[in-house]
Amino acid sequence: MEPHRLTQEQARRVAVRAQLLDEPRPDDVLEVVEHLTLLQDDRTAAVAPSADHVLWSRLGSGYAPEETAALLAQHVLVVLDGRIRPAEDVALYRAEMAAWRDGQGLLPYQEAARTWLLDNHACRADILARLAADGPLPARALPDTCVRPWRSSGWNDARNVRRMIDAMVAAGEVAMAGRRGRDPLWDLAERVYPDALVVPLDEARRERDRRRLRALGLARPKAPRTPQEPDDVGAVGEPVAVKGVPGEWRVDPFVLGTFDAEPFVGRTVLLSPLDRLVFDRVRMAALFAFDYALEMYKPAAQRRWGYWALPVLHGDRLVGKVDATADRKAGVLRVDAVHEDEAFDADLTAAVQEQVEDLARWLDLEPLHAR
């Protein structure tokens with residue numbers, strides 16, 4: 001079919017609307033997660049854990065993290081591959097889990113992990129037995145009876161149990177069942193995941209691509225492989241050409257069609273660095289011409305914007321970064337800098353300040369700006 005033709009402004013608005021970052025705001029936690037398909041379960045709390053920050057940016061300060069915690073405790077939401085997902089979506093991963101168990105279509109690093117798991121079948125059996133009797137349990141409470149230790153470049157050496165859990169999650173045998181403090185708790189997958197028919201592998205991947213495109217609005221059909229959640233969407237959706245943006249793109253026709261009935265009304269939002277709007281940095285740069293990187297792993301002297309700088313969305317543009325830190329001991333949200341990619345006018349300055357104050361209220365902190 002002939003591709004849709006969009007300006008960069010129209011393409012940005014499709015992306016923003018698909019991510020529920022325009023007006024009106026959504027008002028239900030579960031519906032937001034179902035639409036977005038995932039929240040990254042990152043516990044870095046320089047400002048707030050990313051999953052909670054993402055929900056605040058959609059739902060507003062009425063959102064309470066206890067709502068997500070309750071849905072996780074009830075297993076309405078589950079954690080799979082480090083992402084919080086609707087439990088019903090596990091059905092779309094069961095065929096992949098079965099293929100992993102059977103050794104079908106694995107990449108070399110997956111085959112190596114599976115071989116290591118099989119070599120340590122007695123340890124796997126010991127862990128399953130312990131979880132069956134006493135789960136949910138943290139990794140440190142599980143037995144390490146591996147006869148062949150895990151060897152890597154160094155990062156995961158001597159972490160046999162944690163690597164065993166990762167392999168058993170991939171095989172669909174073990175699942176994260178909650179947390180005790182910051183420690184994940186593990187249990188038998190059958191106690192965490194809902195019963196569901198296995199969706200055939202090719203059909204499951206197409207449906208995951210379709211849902212990913214609905215959440216992103218606009219995406220590339222092909223992108224470099226990532227370890228977990230892909231950045232591309234294959235052949236789902238419809239082709240689109242974005243003026244001034246090279247490459248092939250796919251658009252979700254439903255999101256595109258909403259603009260006929262609902263004109264775009266943007267908001268000013270302080271995003272999590274792990275927000276899906278900016279997480280695919282190649283897509284972000286192509287559509288938004290925004291220069292950004294998460295700098296928490298850089299030495300302080302090499303950071304341009306800050307340890308956990310928050311991208312600033314204003315309408316359909318990414319216009320700057322707010323270097324903020326939640327100092328809970330002092331009771332303040334410390335704002336060390338507001339980096340303007342373009343000069344802020346009075347209205348934009350006021351809108352960003354309002355968002356800083358709203359974020360502080362939600363965190364039950366006082367905003368404190370560096371002088």
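Q: How many salt bridges does the rule find across the interface of domain 1 and domain 2?
A: One. The model is predicted, so local features need pLDDT of at least 70 and side-chain atom pairs count only at pLDDT 80 or more, while totals for chains, interfaces and linings use all residues. Residues are numbered from 1 along each chain as its sequence is written, and side-chain values use heavy atoms, with hydrogens and water left out.

Q: Why is the pair Arg179 and Asp41 called a salt bridge?
A: The term requires a side-chain nitrogen of Lys or Arg within 4 Å of a carboxyl oxygen of Asp or Glu. The closest N and O atoms of Arg179 and Asp41 are 2.8 Å apart, so the pair meets the definition.

Q: What makes domain 1 and domain 2 separate units here?
A: The bounds come from an automatic or database domain assignment. Domain 1 covers 4-86 + 200-369, and domain 2 covers 106-191. Their centres, taken over C-alpha atoms, are separated by 32 Å.

Q: Which numbers of residues make the contact between the domains?
A: Domain 1 supplies seven residues and domain 2 supplies eight, contact meaning heavy atoms within 4.5 Å.

Q: What is the area buried between domain 1 and domain 2?
A: About 680 Å², with carbon and sulfur atoms giving 47%. Buried area is the accessible area (1.4 Å probe) that two parts lose on being put together, summed over both. On the side of domain 1, the residues that lose the most area to domain 2 are Arg43, His75 and Val79, together 59% of what that side buries.

Q: In which sense do S8 and S9 pair?
A: S8 and S9 (residues 249-251) pair in the antiparallel sense, over three bridges. In S9, Arg250 is the bridge partner of Pro239, and Val251 is that of Glu238. The hairpin has six residues between the strands, and Gly244 in this hairpin takes a positive phi near 85°.

Q: What is the strand order in the open sheet of four strands?
A: The order is S1-S8-S9-S7, with mixed pairing.

Q: Why is one side of S1 and of S7 left without a neighbour in the sheet?
A: S1 and S7 (218-219) stand at the edges and each has a single partner strand, so one side of each lacks a neighbour in the sheet.

Terms used. Two strands pair if DSSP finds at least two bridges between them. Helices (H or I, at least four residues) and strands (E, at least two) are DSSP runs, numbered from the N terminus.
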